[in-house]
Amino acid sequence: MSKKIIAIDMDDTICHLIPKAIHYHNIMYPDLPLTLEQIVSFDLSGIWHPACTDDLFFGRPGLYEELDIFDEYTVEEIRRMTADYDVIIVTAARPSSVAEKWRWLQRHLPFIPFENFFVAKRKYLLGFDLLIDDGPHNILAARDTGKQTILIPRPWNAGIQQDFVLKDSWKGMNELVRSMLG
Ligand SMILES: [Mg+2]
């Protein structure tokens, strides 16, 4: 029997994108500093500095290579997961950041092979069994297509947290996955 497929998001699921992007935003625009708690949706155009753009905030060269790992348990939990499940990494990367993201994965999770690295915005089109993600649009679409989900609780998904299984640390993630998938 083939292994069940676990799809794992990158940004703000296994690494911290938004805190680092905020850090650089606040260096560029010290007169209008952002905080994580302000990020209550993926549309940041109303809250970042008027001179900021999508490219400046999310497209800073090198940004995706310097992101911190989510927590001290992330690597070991994903490594253990690969023994029992087919673990794929699925990220809605902008084209210019794909190479940076692959290099980050090679450095932090070198046991993830290239064929398990998926760049996809419409993640629901993939045939995974369970999705671990912080993006409300991804989690909602996965549920609507009959998939299991684990939501990483962040300020931008507060509105749907009551409807989903939450996990704010990677500690014990394998046990949770096993309890959901059998
Ligand atoms: Mg994400």
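Colleague: Which residues in H3 meet which residues in H6?

Modeller: This is a predicted model. In it, Glu-77, Arg-80 and Met-81 are the H3 residues, and they meet Met-173, Asn-174 and Val-177 of H6. By class, this contact of H3 with H6 holds 3 nonpolar, 1 polar and 2 charged residues.

Colleague: At what angle do the axes of helix H3 and H6 cross?

Modeller: The general idea comes before the case. A pair of packed helices is described by two values, the angle between the axes and the distance between them. Here, the axes of helix H3 (residues 74-84) and H6 cross at roughly 35° and come within 9 Å.

Colleague: How many helices and strands does the protein have?

Modeller: There are 6 helices and 5 strands. Their order along the sequence is β-α-α-α-β-α-β-β-α-β-α. The radius of gyration is 16 Å, close to the 16 Å that the globule rule gives for 182 residues, so the protein is as compact as a globular protein of that length. Along the principal axes, the C-alpha atoms fill a box of roughly 55 × 35 × 30 Å.

Colleague: What percentage of the residues count as buried?

Modeller: Of the 182 residues, 31% count as buried. Contacts can also be sorted by distance along the chain. Among contacts with a separation of 6 or more, 62% join residues 24 or more positions apart.

Colleague: Which domains does the assignment give?

Modeller: The domain assignment gives domain 1 (5-15 + 69-181) and domain 2 (17-65). Taken over C-alpha atoms, the centres of the two domains are separated by 23 Å. The contact between them takes 13 residues from domain 1 and 13 residues from domain 2. On the side of domain 1 that touches domain 2, the residues divide into 5 nonpolar, 2 polar and 6 charged.

Colleague: How many residues are in the largest nonpolar core, and which have the most contacts inside it?

Modeller: The largest nonpolar core has 29 residues, and those with the most contacts inside it are Ile-6, Ala-7, Ile-8, Cys-15, Leu-130, Leu-131 and Ile-132. Several elements give two or more residues to this core, including strand E1 (5-8), strand E2 (86-91), helix H4 (98-108) and strand E4 (130-133). A second, separate core has 9 residues, among them Ile-18, Leu-34, Phe-57 and Trp-156.

Colleague: What is Ile-8 in contact with, leaving aside its neighbours within four places in sequence?

Modeller: With those neighbours left aside, Ile-8 is in contact with Thr-13, Ile-14, Ile-78, Val-87, Ile-89, Val-90 and Ile-132.

Colleague: Is Trp-156 buried or exposed?

Modeller: The way to read this is to count C-beta atoms around the residue; the cut-off for buried is 20 or more other C-beta atoms within 10 Å. Trp-156 has 20 other C-beta atoms within 10 Å, so Trp-156 is buried. Trp-156 is in the loop between E5 and H6. Beyond its neighbours within four places in sequence, Trp-156 is in contact with Ile-39, Val-40, Ser-41 and Phe-42. Trp-156 and Glu-37 are 119 residues apart in sequence, while their C-alpha atoms are 8.4 Å apart in space.

Colleague: Where is Ser-169 found?

Modeller: Ser-169 is also in the loop between E5 and H6. With 13 other C-beta atoms within 10 Å, Ser-169 is partly exposed. Setting aside neighbours within four places in sequence, Ser-169 is in contact with Asp-71 and Tyr-73. Ser-169 and Ala-93 are 76 residues apart in sequence, and their C-alpha atoms are 23 Å apart.

Colleague: Which strand holds Val-119?

Modeller: Val-119 is in strand E3 (residues 117-119). Val-119 is partly exposed, because 16 other C-beta atoms lie within 10 Å. Not counting residues up to four places away in sequence, Val-119 touches Thr-91, Ala-93 and Val-98.

Colleague: What is phi of Asp-12?

Modeller: In general, most residues other than glycine have a negative phi. Phi of Asp-12 is near 65°, a positive value in a residue other than glycine. Asp-12 is placed in the loop between E1 and helix H1 (17-28). Asp-12 has 21 other C-beta atoms within 10 Å and is therefore buried.

Notes:
Residues numbered from 1 in each chain as written. Predicted model: local features only at pLDDT ≥ 70, side-chain atom pairs only at ≥ 80, totals over all residues. Core = buried A, V, L, I, M, F, W, Y, C linked by C-beta atoms within 7 Å. Buried ≥ 20, exposed ≤ 12 C-beta atoms within 10 Å, placed from the backbone. Helix = DSSP H or I, 4+ residues; strand = E, 2+ residues; numbered from the N terminus. Contact = placed C-beta atoms within 7 Å. Axes fitted to C-alpha atoms, helices over the stretch in contact; angles between N-to-C directions. Nonpolar A, V, L, I, M, F, W, Y, C, P; charged D, E, K, R; others polar. Rg over C-alpha atoms; globule rule 2.2 N^0.38 Å. Domains from an automatic or database assignment.
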